[in-house]
Amino acid sequence: MTTTQNPTRQYPFTAVVGMDDMRLGLLLNAISPAIGGVLVRGEKGTAKSTMVRGLAELMPAVDVVAGCRFSCAPAAPDPGCPDGPHGAADAAERPTRMVELPVGASEDRLVGALDIERALSEGVKAFEPGLLADAHRGVLYVDEVNLLHDHLVDLLLDAAAMGASYVEREGVSVRHAARFLLVGTMNPEEGELRPQLLDRFGLTVEVAASRDPEQRVEVVRRRLAYDDDPAGFAARWAAEELRLRERIAHARELLPSVTLGDKALRQIAAACAAFEVDGMRADIVMARTASALAAWAGRTEVLPEDVRQAALLALPHRRRRAPFDAPGLDEDKLDEVLEESGGTDDDPEPEPEPEGPDDGPDGPGGGPEGGPDGGPGGVPPQESGERPGDAPGPDVPRQQEPEHPARPEESEREPAGEPAAGPGREQAAVGAAEPFRTRRLDVPGLGEGADGRRSRARTAHGRTTGARRPQGALGKLHLAATVQAAAPHQWARGRRGPGLVVRRDDLREAVREGREGNLVLFVVDASGSMAARKRMGAVKGAVLSLLLDAYQRRDKIGMITFRGSGAELALPPTSSVEAGAARLERLPTGGRTPLAEGLLRAHEVLRVERMRDPSRRPLVVVVTDGRATGASGGTARSASAGGGGRATGGPLGRAHRAAGLLAAEGTASVVVDCEAGPVRLGLAGELARELGGTAVTLDELRADSVSALVRTVQGRPVRGGSAGADRGSDRHNRKAA
């Protein structure tokens, strides 16, 4: 047997300061990989990758078949291994691998690649293993898992759940074992994972840098000592590492002997039901986690404190919640549920009647609460005072329970003829109305952006629309087009029997059409003309609905607000729709209406974004009533050119010229017309015409609106204007007449 040594010196796992929740989640998965991995949510620079690498160093070495690219175990090789059958092969020992999956990885890099050319011409399954094969019997670390394409996350989690990876290419199939400890990290400010994907991670923990100066000093001291002398630093922690390695091995041996009683099972089921988690995966993960906690504590019986800690790790990301809420768990409710479900038929005394007199201090108590001081057995102390279910800190946007302005106390009528906030006054933030399902707004044409669900685009997945010669490495083979290209040359190539003689020049790859995600840039009017309490609540509800739609369609979003004397980039383009909802909730209103400044700021933001990500097409959504005023107090109509003509000067003329800049670049746009009241000027429709886009009212924005028509956002200047623009112009002409 040969042994492969790891020449690198990793930062010791036991030398990491704090991070107790993450430490526990990793150790439990090391004891019981069937838990399903751990998702670490939190800010950058908190030693997440350092801890994962350190854990890999603690894992026992693995025996592998010498020369097998898929790390088959000599005692039980995979019968379907592409490198097999192995028979009586030599064995080798190597350390447990820690494989990192980069954000920009392709599907072939993840699952492996088949050489279709050799498969067609030679009948050989030439397979190049991917990262899933490298991670088999090791640790797979995915940094920024929320930024991976959805189909890659699906492949990753499917392999983790099934313990195998399948590669299918035009009828050629390869399967290999892929069992690994999955660790994913994410920064919630950069966007959330879909609930279906969150559910596939066994546990979740929240991490944040300590605010304790002494802990921070110790972190710096240890890191500097490691950088100066990695070998010496590792030697000083060798004894702690050895003790932890032995404890992990002992817990693994003890795990099959752990008993999960009916009382614990009832508590697990009651907790999952109380927090309305979907499906049964949460119950199974909690059961496995509670058993691993007992084994980690050196016990063979699951106690109530194990169930409580398992719930704090397994349920926060699975509970049913509003779309923009961050994961979390109400610990008081959890304690109540566990106490109510903890009784058994073997209890020495029955529960007293709820209304019985003189119960006394010795009544029902002593429920399974886990002990706030002692904590569950074997669980590292919560040094930071935080638990996985705690609400995120101020850096993690979270929307509280919705406060809908439709409530009677919040929708009081404004005094007649007097707006809530005039040009020089500011009104406090108003809550958003109930969100609703919106119409889909597309960017016209055919894009080539990242996979999403909004606009038509050439993508790696979707329906096949044609074939082309490969541009670089062969992607998805178009079999019919390949055969058609090779067929005329068979006699010249010497074919005299069955089989097809295929050359490289014959290969054709499929051209597929699917949907892409776009950059949806909101330009929101927060001026005094929008500040009536009920009206602003409806506007915020509409924007919140569009944000929810952007979340579901995998868009990036940005938000510009304009009021007073200028425009502000309230939210730079990001994948975190939750951050947009939080900014919207705190948006104040009041002041004048610098519409031109808002549009010019949008033009500048899109110019920068085109340089950063030229393949992501933008969609500008302007939420306004179309009015425009300047610092000098000029009104929207002060410089209009005649009764129904185009404004050429003043605030409105500047706004129209700014809109022309966006239209000249072919920017797709839509104007959400927020004008209300019996007298309407139709200015939003005129703005839509200048943008070359379309205008919709708040009512027409609803997907279930009877009055709405199917609308596709026009992406080029259309001087005739949209339907909304025509209506606005007609209204204006009638008023002028």
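Let's start with a salt bridge: Asp306 pairs with Arg299, and their closest N and O atoms sit 2.8 Å apart. A salt bridge here is a side-chain nitrogen of Lys or Arg within 4 Å of a carboxyl oxygen of Asp or Glu. Asp306 counts as buried because its relative accessibility is 0%; the cut-offs are under 20% relative accessible area for buried, over 50% for exposed, and partly exposed in between (1.4 Å probe, protein chains only).

Keep in mind that this is a predicted model, where local features need pLDDT of at least 70 and side-chain atom pairs count only at pLDDT 80 or more, while totals for chains, interfaces and linings use all residues. Residues are numbered from 1 along each chain as its sequence is written, and side-chain values use heavy atoms, with hydrogens and water left out.

Back to the charges. The count comes to 35 salt bridges. One of them joins Asp78 to Arg175, with 3.1 Å between the closest N and O atoms. Asp78 lies in the loop between E3 and E4 and Arg175 in strand E10 (residues 172-177), so this pair ties together parts that are 97 residues apart in sequence. Helices (H or I, at least four residues) and strands (E, at least two) are DSSP runs, numbered from the N terminus. Asp78 is buried at 15% relative accessibility, whereas Arg175 is partly exposed at 31%.

For a local case, go to helix H18 (residues 595-612), where Arg607 and Glu604 lie three residues apart, about one turn of the helix. Their side chains meet in a salt bridge of 2.6 Å, N to O. Arg607 is partly exposed, with a relative accessible area of 39%, and so is Glu604, at 33%.

Now for the rings. The whole structure holds five aromatic pairs, where rings of Phe, Tyr and Trp (its six-membered ring) pair if their centres lie within 6.5 Å; planes under 30 degrees apart are stacked, over 60 edge-to-face and the rest tilted. Phe70 and Phe127 are stacked, because their centres are 6.2 Å apart and their planes at 15 degrees. Phe70 sits in the loop between strand E3 (62-65) and strand E4 (91-94) and Phe127 in strand E7 (residues 127-129), so the pair ties together parts 57 residues apart in sequence. Phe70 is buried at 2% relative accessible area, and Phe127 is buried at 7%.

Tyr226 and Phe233 make an edge-to-face pair, 5.9 Å centre to centre with 75 degrees between the planes. Both are buried, and together with Tyr11 and Trp237 they form one aromatic cluster.
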